[in-house]
Amino acid sequence: MKQPPVIVVQLFHIKGPVPIQGKEQEFSEPSILIGRHPSCHVQFAADIAHLSRKHAEIIREGNQFKLIDHSTNGTFVNGKKIKETYLKDGDVLMFAEGGPQISFLTQMKEGLDIPTVKPLREPEREVRVEPPEVEPPVRAQRPVEGKPSYVPPLREELPDVSAQPVQMPLIIQYGPQIRNFKQLPVTIGKSPKCELVLDHPSIFEQHAQVFFSQNQYWIKDLTGQRLISINRQPIEFQAPLKVNDDLALSPQGPFFHVFGEGRWGEVEEAQEEKPIQPPEKVSVPKEEKSISSKLKKIFKS
């Protein structure tokens, strides 16, 4: 028997302790307790003294979610201190002034057991890892000799991937805000005509496009200057996005991490650690050593 869909609360940690910053938690419980106490669903470290042991609570009321403050130092929603308020998608919650911040989202999911959704995605991941069917024609043409047949490289095949309108989610956290899109493609840039407007000095008016095709998410570079890179490798025109990819919209940022399918979070640029080189030892010629020793003997005498 098919189970009715449930509303899942998705909490994305925008700012907080290093172990949980940039992470996401999902809950289907009717009540979500937040604080330092071990019984809390969202538990912060005990040494964060300005947070209460049971700081705040998110309670489901029908299809709505109410945030209730139980703390000493206050709870804030989009910068405003509250005691009780109903939440909406994209709200930013802060626990105590200057404390941890999380963004609030909801999503409809089939069935009560959330982990059962994951096995359904496994076959799709295997298909997505495979590149577009480019290798077979290459293999067929390599044995042919004497014919100047042209074999297009993979990057020239990518523009054939269509960017048709499709109902697929895209959730992007940038700064203190989080944007939730339900349909792709989504255009990113400075222009007000873009679906996602980013105020960043390195972003063009029409900078990038995110779309869904061949069972995977793709990003297209609209600048024509190869500014977008995935895992520090510039893309030629467009490329697929996979979970745990590091995405840079330009060498100067903004930088994102792909936490899940269609889910990005802004991160700081990962700095590569360079080994510290020991100072070079200056070798003294034997002749100079003997001269210096003779001078020492002269001055001693």
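**View 1. Strands β5 and β6 form an antiparallel pair.** Strand β5 (residues 56-61) runs alongside β6 through 6 bridges; strands here are DSSP runs of E, at least two residues long and numbered from the N terminus, and two of them pair if DSSP finds at least two bridges between them. Look for isoleucine 68 in β6, the bridge partner of glutamate 57. The hairpin has 2 residues between its strands, and glycine 62 takes a positive phi near 65° there. This is a predicted model, where local features need pLDDT of at least 70 and side-chain atom pairs count only at pLDDT 80 or more, while totals for chains, interfaces and linings use all residues. Numbering starts from 1 along each chain as its sequence is written, and side-chain values use heavy atoms, with hydrogens and water left out.

**View 2. β6 also pairs with β9.** These two run antiparallel, joined by 3 bridges, with β9 spanning residues 84-86. Threonine 85 in β9 is the bridge partner of leucine 67. Since 5 of the 6 residues of β6 (residues 64-69) are buried, the strand is largely enclosed by the rest of the structure; buried means under 20% relative accessible area, exposed over 50%, and partly exposed in between, using a 1.4 Å probe and protein chains only.

View 3. A salt bridge puts a side-chain nitrogen of Lys or Arg within 4 Å of a carboxyl oxygen of Asp or Glu. Lysine 66 meets glutamate 84, with the closest N and O atoms 3.6 Å apart. Lysine 83 and aspartate 69 make another, at 3.1 Å from N to O. Here lysine 83 is exposed at 54% relative accessibility, whereas aspartate 69 is buried at 7%. Shared partners also join Glu61, Lys66 and Glu84 into one network.

**View 4. Leucine 170 sits in the largest nonpolar core.** Such a core is a set of buried Ala, Val, Leu, Ile, Met, Phe, Trp, Tyr and Cys residues joined through side-chain atoms within 4.5 Å. This one has 24 residues, and leucine 170 is among those touching the most other members, along with Ile188, Ile219, Leu247, Leu249 and Trp264. Strand β16 (208-213) is one of the contributors, and gives the most, with 3 residues. Leucine 170 itself lies in β12 and is buried at 0% relative accessibility. Its contacts (heavy atoms within 4.5 Å) beyond four places in sequence include Phe181, Val210 and Trp264.

Definitions and conventions:
Helices (H or I, at least four residues) and strands (E, at least two) are DSSP runs, numbered from the N terminus.
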